[in-house]
Amino acid sequence: MTTVRLTRTYLAVPAHRSKMVQGAAASSADAVFMDLEDAVPPTEKAAALEAAFSALSTNDWGTKTVSVRVNAIDSSSIENEIARLGGHPRLDAFIIPKAEMVADITTIRGWIADARGTRTTPVEMELLIETARGLINVEALAAERGVAALHPGKRLQHGIAEEG
């Protein structure tokens, strides 16, 4: 069962910006997520992944929840990102962007289980609901094993649910 945790502040930082990541680790935020998706240029994705792994290992995160937003299910890098980070003992959750289909979340959960290594429990998933399809399927997505949180995407926060 997922442990309930109070998260009042969630600080987002690009994983490839080490000074920003260090500042986030030292901040008073309850939770931090290192971004591998939108905040990272395509040419820096591989370096950002290694920077995220290093930051998990070297920074003092205190009691913060530490997550990494991976690239979307249709990206060529998500499976590698999960394989690289999924066994790290300090990682609490993967943030999954553009969550829409239960089958995709089931696939991702399998990759997380495969990557868990010596962890006693797999890394949790936090789903970004960013599209109309995701909103239509939100109850089924929320019920999936390993899902710890749902986050509305920017379009949904503004009342505009767009496909795409």
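A: Strands here are DSSP runs of E with at least two residues, helices are runs of H or I with at least four residues, and both are numbered from the N terminus. Two strands pair if DSSP finds at least two bridges between them. This is a predicted model, in which local features need pLDDT of at least 70 and side-chain atom pairs count only at pLDDT 80 or more, while totals for chains, interfaces and linings use all residues. Residues are numbered from 1 along each chain as its sequence is written, and side-chain values use heavy atoms, with hydrogens and water left out.

Within this pair of strands, V32 stands opposite V66 in β3. V66 has 0% relative accessibility and therefore counts as buried (buried means under 20% relative accessible area, exposed over 50%, and partly exposed in between, with a 1.4 Å probe and protein chains only). Setting aside neighbours within four places in sequence, V66 is in contact with V32, M34, L56, W61, R90, L91, D92 and A93; contact means heavy atoms within 4.5 Å. The C-alpha atoms of V66 and F33 are separated by 5.8 Å, although these residues are 33 apart along the chain.

Two of the residues that touch V66, R90 and D92, also form a salt bridge with each other, their closest N and O atoms being 3.1 Å apart. A salt bridge is a side-chain nitrogen of Lys or Arg within 4 Å of a carboxyl oxygen of Asp or Glu. R90 counts as buried at 19% relative accessibility, whereas D92 is partly exposed at 24%.

The strands β2 and β3 are also linked through side chains. R69 forms a salt bridge with D35, with 2.5 Å between the closest N and O atoms. This pair links distant parts of the chain, since R69 belongs to strand β3 (residues 65-69) and D35 to strand β2 (residues 31-35), 34 residues apart. R69 is buried at 11% relative accessibility, and D35 is buried as well, at 4%.

Elsewhere, R109 and E144 meet in a salt bridge of 2.8 Å, N to O. Salt bridges that share partners also join D35, E37, R69 and K98 into one network. The structure holds seven salt bridges.

Now step back to the sheet. Its six strands form an open sheet in the order β1-β2-β3-β4-β5-β6, with parallel pairing. The edge strands are β1 (10-14) and β6, each pairing on one side only. On average, neighbouring strands of this sheet are turned by 25° against each other, direction ignored. Helix α1 (residues 18-26) lies across β1 and β2 and runs at about 165° to β1. For these angles, axes are lines fitted to C-alpha atoms, for helices over the stretch in contact, and the angles run from 0 to 180 degrees between N-to-C directions.
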